[in-house]
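I open this notebook to record what I looked up, one topic at a time. The entries follow the order in which I went through the structure.

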Protein chains: 2
Amino acid sequence: MSLGEFDLIAKYFTRTVKRAALGVGDDCALFAAAPGMQLAVSSDMLVEGRHFLPTVPAQRLGHKALAVNLSDLAACGARPVAFTLALALPRVDETLLAGFARGLLALADAHECELIGGDTTLGPFNICITVFGEVPHGQALLRSGAQAGDDLYVSGTLGDARLALEAFRGHIVLDGAAFESTRRAMEQPQPRVALGIALRGVATSAIDVSDGLLGDLEHVLRRSNVGAEVRVDALPRSAALRGVSLAWQRECTLAGGDDYELVFTAPPGRAAQVIEAARSAHVEVTRIGSVSAALGLHLLDCDGQALANSFGSFDHFKT
Amino acid sequence: MSLGEFDLIAKYFTRTVKRAALGVGDDCALFAAAPGMQLAVSSDMLVEGRHFLPTVPAQRLGHKALAVNLSDLAACGARPVAFTLALALPRVDETLLAGFARGLLALADAHECELIGGDTTLGPFNICITVFGEVPHGQALLRSGAQAGDDLYVSGTLGDARLALEAFRGHIVLDGAAFESTRRAMEQPQPRVALGIALRGVATSAIDVSDGLLGDLEHVLRRSNVGAEVRVDALPRSAALRGVSLAWQRECTLAGGDDYELVFTAPPGRAAQVIEAARSAHVEVTRIGSVSAALGLHLLDCDGQALANSFGSFDHFKT
């Protein structure tokens, strides 16, 4: 017997809410932000073949669908509170649903982010999550606050997700361990929520790297009306990525996408606070360049020589 | 030249926000509920062929995508504040986008509901809107509050959307005027936001009719642990629907779906307040039955004779 819509919601997606006043099961969910808090809201839609491969294990897909949204909260310095899930599935596949719900809810629990509502329907596979976070009034990290003279930082390492994608595409051959570790980076990114919160009052601007470092950094520069220098060979990368050609390393770190690391700026005088924020969040951060009054994005190699910026950025309306 | 993702968002979906602190263009939107208010949140996903026909004019589709979400706020008695839009499109079709945005934003403006964020991507046509409303703490209309002895009401008329669908399917032939009016009901439903707000403190429970009266009413009865009698021939219907057979009239009103009217309950002692709420909201309401302590849903015809309930309810996981 095939599970109906309401059975499916009851079985996999209905949980007792703690923070919210009302969760799944009515026309609306109800909740209130704490006094003095602004709500940060982000919505991401994931489409099969575009945002994930058919080969992704369901549990990792559930994780990733929420992780990319939590990453947007992280970039604003917001603390996760709740989310809604809208899901279109080609058929009722209980193995997929069970794995998806497991991965999704494990990450939700880790961040105390409640599933409070949503929608399910038959249709081409599509996952749309809208996430809500809280940030003290006026303290959100924005794209628009970078100042000339600021240092430019990135968390974690860049490029592994793109490297895994290229391995799936057959453009690169990785050994077993490198394939597994980069595949995990692609399929199960770790949103930098704790770091984002710790950077409130420290960073002047932030964005998460979803479409590729250079493309995402461009958003910050444009909104802040500044330029930047990026030391390309200072970009942090994993052992797996260091094992491929320098050309691939640069491509994957600069234009990879799907990294879900934070790129942020802070005045040199706050370097110690940046280090402390990273320590408290258990994440590495690396200084990768600086913000300039002169517009434009300049790439420098390890010898301080200019590199041409021939790297693209991911655009969901281009191939 | 094809429009890229960010150009498309800038051209069609970026507007100055008034109420929200930050709208489209950063990692998150930022806004705050007014003091003493709870946020009501609802998310609906619309898939082509399932929630709308390929023949729907783009402007009406934009209207409907937001209307079905506003209808959920209406059912809770919440006042619309803001929404996010996630959109997957098979290709960049500027004619469609322009019409869609026009219909969407006209309805948003009519309800002072701001577009504050979202996502766009290539993929099978899919529209996911998450809407936020405000309701004074503890005053939301819920499905769980119906009491034995309450009167049962419905707003507007029922069944036109289903009648139009049957005409599109070729199961029914309608004359030109009837086809146009019922098609408009299907493609451009009017969310009963003002009525929902006016029913705060008056109605004991409410739900919007999206999957068919009987199916939606069942949710209220189950959550409230009560039963109901519905006088089938008292159900309000349009002139177009009164023009078809009694069997079709019953099918369309009881199990039609896509009506987006409010079904609600109120004690007989509040009948005058119900009438005043309807008057203030410029919507007709009709008493269609009553709530009983005995569980179960009983249908009565115009002679007070019991009718068998052989009517289905729409389930997005069944065909």
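**Entry 1: a salt bridge within chain A.** I began with a charged pair, and found that the side chains of Arg60(A) and Glu187(A) meet in a salt bridge, with 2.8 Å from N to O. I then looked up where the two partners sit: Arg60(A) belongs to helix α2 of chain A and Glu187(A) to helix α5 (residues 176-187) of chain A, so that the pair links distant parts of the chain, 127 residues apart. I note here that the model I am reading is a predicted one. For the count over all chains, I have 20 salt bridges in the structure. As background I wrote down that side chains of opposite charge can pair when their charged atoms come close.

**Entry 2: the domains of chain A.** Next I looked up the domain assignment of chain A, which gives domain 1 (5-136) and domain 2 (143-307). The centres of these two domains of chain A, taken over C-alpha atoms, are separated by 26 Å, and their contact takes 22 residues from domain 1 and 21 residues from domain 2. I also took down the area that domain 1 and domain 2 of chain A bury between them, which is about 1900 Å², with 57% of it on carbon and sulfur atoms.

How many salt bridges does the rule find across the interface of domain 1 and domain 2 of chain A? I have two for this interface. I also looked up the pair Asp258(A) and Lys64(A), which forms a salt bridge whose closest N and O atoms are 2.7 Å apart. For polar contacts across the interface of domain 1 and domain 2 of chain A, the rule finds eight residue pairs, both residues being at pLDDT 80 or more.

I then asked which elements make up the side of domain 1 of chain A that touches domain 2 of chain A, and found that α2 (58-76), β3 (79-89) and β5 (126-136) of chain A each supply at least two residues. The largest share of that side, ten residues, comes from α2(A). By residue class, the side of domain 1 of chain A that touches domain 2 of chain A divides into twelve nonpolar, five polar and five charged residues.

**Entry 3: chain A against chain B.** I turned to the two chains and recorded that 66 residues of chain A are in contact with 66 residues of chain B. Chain A and chain B bury about 5200 Å² between them, 60% of it on carbon and sulfur atoms. Across this interface of chain A and chain B the rule finds zero salt bridges, while the count of residue pairs in polar contact, both at pLDDT 80 or more, is seven.

On the side of chain A that touches chain B, strand β2 (residues 37-47) of chain A gives the most, with ten residues, and the residues of that side divide into 37 nonpolar, 16 polar and 13 charged. I also followed the strand pairing between the chains, where three bridges join strand β1 (residues 29-31) of chain A to strand β2 (residues 37-47) of chain B, the two running antiparallel. Within this pairing, Phe31(A) has Leu39(B) in β2(B) as its bridge partner.

**Entry 4: a sheet in chain B.** Last, I looked up an open sheet of seven strands in chain B, which has the order β7-β9-β6-β10-β8-β11-β12 with mixed pairing. Because β7 (205-208) and β12 (306-307) of chain B stand at the edges, each with a single partner strand, one side of each is left without a neighbour in the sheet. Strand β11 (residues 297-300) of chain B is joined to β12(B) by two bridges and runs antiparallel to it, with Leu300(B) standing opposite Ala306(B) in β12(B).

Notes
Residues are numbered from 1 along each chain as its sequence is written. Chains are lettered from A and ligands numbered from 1 in the order in which they are written. This is a predicted model: local features need pLDDT of at least 70, side-chain atom pairs count only at pLDDT 80 or more; totals for chains, interfaces and linings use all residues. Side-chain values use heavy atoms; hydrogens and water are left out. Contact means heavy atoms within 4.5 Å. Buried area is the accessible area (1.4 Å probe) that two parts lose on being put together, summed over both. A salt bridge is a side-chain nitrogen of Lys or Arg within 4 Å of a carboxyl oxygen of Asp or Glu. A polar contact is a pair of N or O atoms within 3.5 Å; within protein, one must be able to donate a hydrogen and the other to accept it, and residues adjacent in sequence count only if both atoms are side-chain atoms. Helices (H or I, at least four residues) and strands (E, at least two) are DSSP runs, numbered from the N terminus. Ala, Val, Leu, Ile, Met, Phe, Trp, Tyr, Cys and Pro count as nonpolar, Asp, Glu, Lys and Arg as charged, and the others, Gly among them, as polar. Two strands pair if DSSP finds at least two bridges between them. Domain bounds come from an automatic or database domain assignment.
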